[in-house]
Amino acid sequence: MAYEKIKLTVWRGDWGLPSVDPHCLAVLAYCKFSGVPVEVIKTGNPWYSPSGNFPVLQYKGESYTKVSDIFNFLRKENWGSDHELSCKQSADVLAFSAMLEERLLPALLHLWWMDDKTFIDVTRPWYASAIPFPFSLFHPRRKQKKAELRVLLTKGGDYITDAETEAKVYKEAKECLNLLSYKLGDKPYMFGRLPSSLDALIFGYLTPLLKAPLPSNQLQTHLLQCENLCRLCNDILTVFFPAEVRESNESKKQNDEAKKKDGTKSDLAEFPHRRRNIFLAVLFVVAAMTGFAFAHGLIQITISDDDSSMTVKQSIASKSEGRELRSQKHQDILEESTGAGED
Amino acid sequence: MSLVVDAVQATIGASEPWPDDVILYQQYQVEQITLPDYAQCLAVETFLHMCGLRFRVEQRTNAEEMSPSGKVPFIQVGPYLVSEFDPVVGFVSTKGFNLSQSLSDTERSEMRAYISMIENILGNAELYMAWLYPDIAAEVTKPRYGCCYPWPLSWILPWRKQREVRARLEANDWASKTCEEVCGEVRTCCQALSERLEKKKYFFGDKPTELDAMVFGHLYTLLTTILPGGHFTAVVQDFDNLAQFCKRIEDSFFKLAFD
């Protein structure tokens with residue numbers, strides 16, 4: 001049977017995650033759950049996507065860009081872990097997925113793209129370095145604009161201020177986390193022993209929040225209190241993405257070791273051109289002092305004809321003569337003035 | 001709407017009983033109200049009936065402008081104005097009326113999830129159908145929305161509202177869907193509700209919950225509103241248990257209320 005590979009393009013990963021984007025993570029996790037033979041391409045170049053965003057799944061000339069479409073496609077092709085679920089459980093999957101989109105997603109968008117501190121410290125630098133040059137100038141801004149519209153238009157309104165919208169969005173998201181935590185309980189996955197597409201979605205939304213070096217924020221703090229949700233995310237990460245976890249541990253170790261080694265020369269490392277700068281400064285000072293001395297006649301250069309070589313002759317004697325003359329003149333003036341005073 | 005208001009309501013509201021003169025404001029039902037707004041109003045109305053609370057419905061042409069959040073319906077309880085479904089449920093529970101008290105934590109989180117699903121799928125689908133489907137927007141929604149204003153306004157206000165709705169649906173990727181796709185979404189949503197309801201009287205056993213009010217508000221509106229094309233009505237009618245559910249709630253809460 002002619003067999004064509006399913007190609008999945010996602011945002012590339014960081015912080016020990018296979019991808020940084022929630023939706024890419026969800027699709028990757030879903031593929032891993034059921035062992036779909038996908039060829040994963042990790043990229044930062046939005047040129048490769050028809051919609052300018054990832055994930056994109058390509059199969060037999062067709063491409064799917066929305067998570068729900070990708071899940072539906074995989075289900076149709078009989079890939080996926082949702083077949084084990086009863087009808088009622090499938091209904092629950094749909095309901096909880098809708099709840100994630102309705103209540104949790106706006107808060108995450110707000111945190112990543114509209115919270116000034118996170119956006120400037122984490123989101124913008126990451127996308128600026130991940131996306132190649134001409135796109136990096138406008139693509140992050142476009143993504144931010146989209147996130148802003150999504151949050152403000154669906155959650156806000158003409159009668160509500162932005163601050164109130166923010167409070168409402170975070171309140172809803174925290175409630176949503178609580179509800180998910182209740183539903184999960186002590187079970188390994190949402191519906192018992194097998195992971196479903198709902199677990200994939202939750203993993204996608206929550207893991208970046210756990211792993212990314214975010215400045216402290218209320219949503220992360222709240223998530224850390226829901227221990228079973230953290231456990232779910234970490235379990236999926238270690239069971240289904242062992243390579244990334246190992247890689248991140250190794251790079252972390254290397255970083256630590258490098259830091260230890262450089263500990264003594266840390267100030268040197270901070271200023272890479274320190275020696276050059278010192279050298280230039282010394283050179284400049286010497287040049288300035290020589291120039292000054294030259295201009296004031298402290299150093300004179302006379303070119304003698306007999307051997308046609310330059311000789312430097314100091315003229316301190318003549319200089320001091322001049323100084324004596326001047327001081328005598330000064331004295332005369334002083335005497336005159338005192339004489340005038342006595343009169 | 002804001003957290004401060006919530007806190008104030010929680011502390012003050014609890015001490016006062018449910019007053020006699022509670023008013024629910026909405027637009028004129030026969031001439032003016034649009035499909036998505038009517039579904040929301042009906043859901044809140046059903047919820048208050050289920051709680052057994054007294055209130056009367058006032059119809060105002062400018063109900064939307066009167067509402068603190070710009071959305072209908074809203075209730076006036078003494079000095080408080082509370083708008084939309086979730087805040088009303090929260091407010092009423094501070095008065096000691098809570099339909100989901102007997103549920104376990106898991107059941108309650110399932111209930112919230114299904115309410116979100118209805119808001120997300122049916123809410124957006126109604127907005128799409130009413131404002132973006134060209135036939136319905138031009139023939140039904142816009143004339144109704146502008147019916148109580150004089151000429152230039154009757155044209156400008158619906159146009160502005162349509163632009164607003166379009167921007168909202170573009171922001172959450174609904175505007176790019178086709179009519180068939182939207183009907184498909186509604187079908188999966190109804191399928192999920194139907195699976196969940198099975199042959200039970202209400203979604204969680206014998207007693208009605210917020211979810212029942214929400215489902216009734218939306219499905220009854222879709223079933224009874226006659227629109228060109230009739231896409232949604234056909235979809236909902238395919239699910240027998242949902243249609244029966246709507247009939248049952250109508251009989252038990254609305255016939256009694258009118259008698």
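## Exercises on a predicted two-chain model

In the hairpin that β3(B) and β4(B) form, 2 residues lie between the strands, and G78(B) has a positive phi near 55°. The model is predicted. Work through the exercises with the structure open.

**Exercise 1. In which sense do β3(B) and β4(B) pair, and over how many bridges?**

Step 1. Find β4 of chain B at residues 80-83.
Step 2. Follow its pairing with β3(B): the sense is antiparallel, over 4 bridges.
Step 3. Pick one pair. Q76(B) has L81(B) in β4(B) as its bridge partner.
Step 4. Look at the turn. G78(B) takes a positive phi there, near 55°.

**Exercise 2. Which strands of chain A pair with β3(A)?**

Step 1. Start with β1(A). It pairs with β3(A) in the antiparallel sense, over 3 bridges.
Step 2. Check a pair: T9(A) stands opposite V56(A) in β3(A).
Step 3. Go on to β4 of chain A, residues 62-64. It is joined to β3(A) by 3 bridges and runs antiparallel to β3(A).
Step 4. Check a pair here too: Q58(A) has S63(A) in β4(A) as its bridge partner.
Step 5. Inspect the hairpin of β3(A) and β4(A). There are 2 residues between the strands, and K60(A) in the turn has a positive phi of about 50°.

**Exercise 3. Where are the cis peptide bonds that join F54(A) to P55(A) and V72(B) to P73(B)?**

Step 1. Recall the background: most peptide bonds are trans.
Step 2. Take chain A. The bond between F54(A) and P55(A) is cis, with omega about 5°.
Step 3. Take chain B. The bond from V72(B) to P73(B) is cis, and omega is near -5°.

**Exercise 4. W15(A): where is it found, and why does it count as partly exposed?**

Step 1. Read the backbone. Phi of W15(A) is near 55°, a positive value in a residue that is not glycine.
Step 2. Locate W15(A) in the loop between β1 (6-11) and α1 (22-34) of chain A.
Step 3. Count neighbours. W15(A) is partly exposed because it has 16 C-beta neighbours inside 10 Å.
Step 4. D173(B) lies in the loop between α7 (151-171) and α8 (179-197) of chain B. It has 13 C-beta neighbours inside 10 Å, so it counts as partly exposed.

**Exercise 5. Which residues of helix α4(B) are buried, and what covers them?**

Step 1. Find α4 of chain B at residues 85-94.
Step 2. List its buried residues: F85(B), P87(B), V88(B), V89(B) and V92(B).
Step 3. Look at the cover. It includes α2 (35-50), β3, β4 and α9 (210-224) of chain B.
Step 4. Step past the helix end. Just after α4(B), G96(B) has a positive phi of about 95°.

**Exercise 6. How many residues does each chain bring to the contact?**

Step 1. Count by chain: 26 residues come from chain A and 26 residues from chain B.
Step 2. On the side of chain A, the elements giving two or more residues are α3 (87-114), α5 (133-155) and α6 (162-184).
Step 3. α3(A) gives the most, with 12 residues.
Step 4. Sort that side of chain A by type: 14 nonpolar, 3 polar and 9 charged.

Notes:
Residues are numbered from 1 along each chain as its sequence is written. Chains are lettered from A and ligands numbered from 1 in the order in which they are written. This is a predicted model: local features need pLDDT of at least 70, side-chain atom pairs count only at pLDDT 80 or more; totals for chains, interfaces and linings use all residues. A residue is buried if 20 or more other C-beta atoms lie within 10 Å of its own, exposed if 12 or fewer, and partly exposed in between; C-beta atoms are placed from the backbone. Two residues are in contact if their C-beta atoms, placed from the backbone, lie within 7 Å. Ala, Val, Leu, Ile, Met, Phe, Trp, Tyr, Cys and Pro count as nonpolar, Asp, Glu, Lys and Arg as charged, and the others, Gly among them, as polar. Two strands pair if DSSP finds at least two bridges between them.
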